[in-house]
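Welcome, and please load the model in your viewer. We will go from one selection to the next, with a short note on what to look for at each stop.

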Amino acid sequence: MLDEVESWLHRRSWSAEERPLAGLLAAKRAAGARGSVSVVLPALNEEATVGEIVATIRAELMTAETPLVDELVVVDSGSTDRTGDVAAAAGAKVVHRDALLPRVPAVPGKGEVLWRSLLATSGEIVCFIDADLRDFRSRFVSGIVGPLLTDPELQLVKAMYDRPLGDSPAGGGRVTELVARPVLNLHWPRLAGFVQPLGGEYAARRSLLERLPFPVGYGVELALLVDSLHAVGLDALAQVDVGVRKHRNQDGQALGRMAAAIYRTAQRRIARAPLTHAELTQFAREEAGGFAPRTHPVDTEERPPMGTVPEYTAARQAA
């Protein structure tokens, strides 16, 4: 590990308990408009979990006594279940992905939803939380928002946590361990200290997010981390331990598609090479015997920085 990273780990890694809520509320009041916080939940068929997440945030971080979060938005990317209804009933503002920037046809993908969410929110601090979390705790939000409220030098804060898988308390994060961590260590060793580089729980200043491109798919977390390093430097990045993250684990083939998108995102930043073959072929055994190929596209499109979108600029000027 680089000496710079070892030093960073000691200075820029904390536990959520190190910043009690009372102190964060005081820092938020002192920051004024610069301390406004928007929480975004990107959601696709998450009716089983989204309601509890929304209800917890509203009950613990959006009351008269604890007004840490100003805005809670669920961006639905085309759910076929009751995700939107459940989220709205729990108290979230629900916006459909396709209603945001309609002149640009939407494509499937998590990064697409996060990119468009900047148009649906107004806070100067934007906090992203995955909508499939179980046993959700409000420290997932307060923990990663806290450093941004208390330290004006920070620009992006990621959550770190244990990721259980089955009976193993730390067996999750397979794509992180098999793809993202080796890539980061080899090509961006200054980011080697991030415990959960692909984690979906992080907060950042709007002024940073609107400057960055967003891969439309699963490569978005790696891209934002790498691009933030280049934009603001390692010392403007941090991480906070929020405990244990439980969520719906995906099967091996879904993880393979995720890994391909992440690798392609990294490849684009390593060499800025032209597209060669943006497909991934996997195999499934058929009942009759043998293996059948299944080919899937790999996400390669990226949206431009939101600060260059006329509708966004106009909306911000009018606010």
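Colour by secondary structure to begin: the protein has 11 helices and 14 strands, where helices (H or I, at least four residues) and strands (E, at least two) are DSSP runs numbered from the N terminus. This is a predicted model, in which local features need pLDDT of at least 70 and side-chain atom pairs count only at pLDDT 80 or more, while totals for chains, interfaces and linings use all residues. Residues are numbered from 1 along each chain as its sequence is written, and side-chain values use heavy atoms, with hydrogens and water left out.

Now colour by accessibility. Of the 319 residues, 52% are buried (under 20% relative accessible area; exposed is over 50% and partly exposed is in between, with a 1.4 Å probe and protein chains only). Among contacts (heavy atoms within 4.5 Å) with a separation of 6 or more, 73% join residues 24 or more positions apart.

**First stop: two helix pairs**

Two packed helices are described by the angle between their axes and the distance between the axes. Axes here are lines fitted to C-alpha atoms, for helices over the stretch in contact, and angles run from 0 to 180 degrees between N-to-C directions.

Select residues 21-31 and 139-150, which are α2 and α6: their axes come within 9 Å and cross at roughly 45°. That makes α2 oblique to α6, because angles under 35 degrees count as roughly parallel, over 145 as roughly antiparallel, 65 to 115 as roughly perpendicular and the rest as oblique. The crossing is left-handed (the near helix is turned anticlockwise from the far one by less than a right angle; clockwise would be right-handed). Show side chains for L24, A27 and K28 of α2, which meet S142, G146, L149 and T150 of α6.

Next, select residues 50-61 (α3) and 83-90 (α4), which pack at about 20° with axes 8 Å apart. That makes α3 roughly parallel to α4. This time the crossing is right-handed. Where do the two helices α3 and α4 meet? V50, G51, V54, A55 and R58 in α3 meet T83, V86, A87 and A90 in α4.

**Second stop: E112**

Zoom to E112 in helix α5, residues 110-120. Is E112 buried or exposed? With 0% relative accessibility, E112 counts as buried. Draw the polar contact (N or O atoms within 3.5 Å, one able to donate a hydrogen and the other to accept it within protein; residues adjacent in sequence count only if both atoms are side-chain atoms) between the side chains of E112 and R303, at 2.8 Å. The E112 side chain also reaches the backbone nitrogen of V107 at 3.3 Å. Beyond neighbours within four places in sequence, the contacts of E112 include R97, P105, P215 and V216.

A236 sits in the loop between α9 (220-232) and β10 (237-244) and is buried at 5% relative accessibility. Apart from neighbours within four places in sequence, A236 touches E153, L154, Q155 and L156.

**Last stop: two loop residues**

Most residues other than glycine have a negative phi. Select N45, in the loop between β2 (37-43) and α3, where phi is near 55°, a positive value. N45 is partly exposed at 32%. Then pick D135, in the loop between β6 (133-134) and α6: its phi is near 55°, and D135 counts as partly exposed at 36% relative accessibility.
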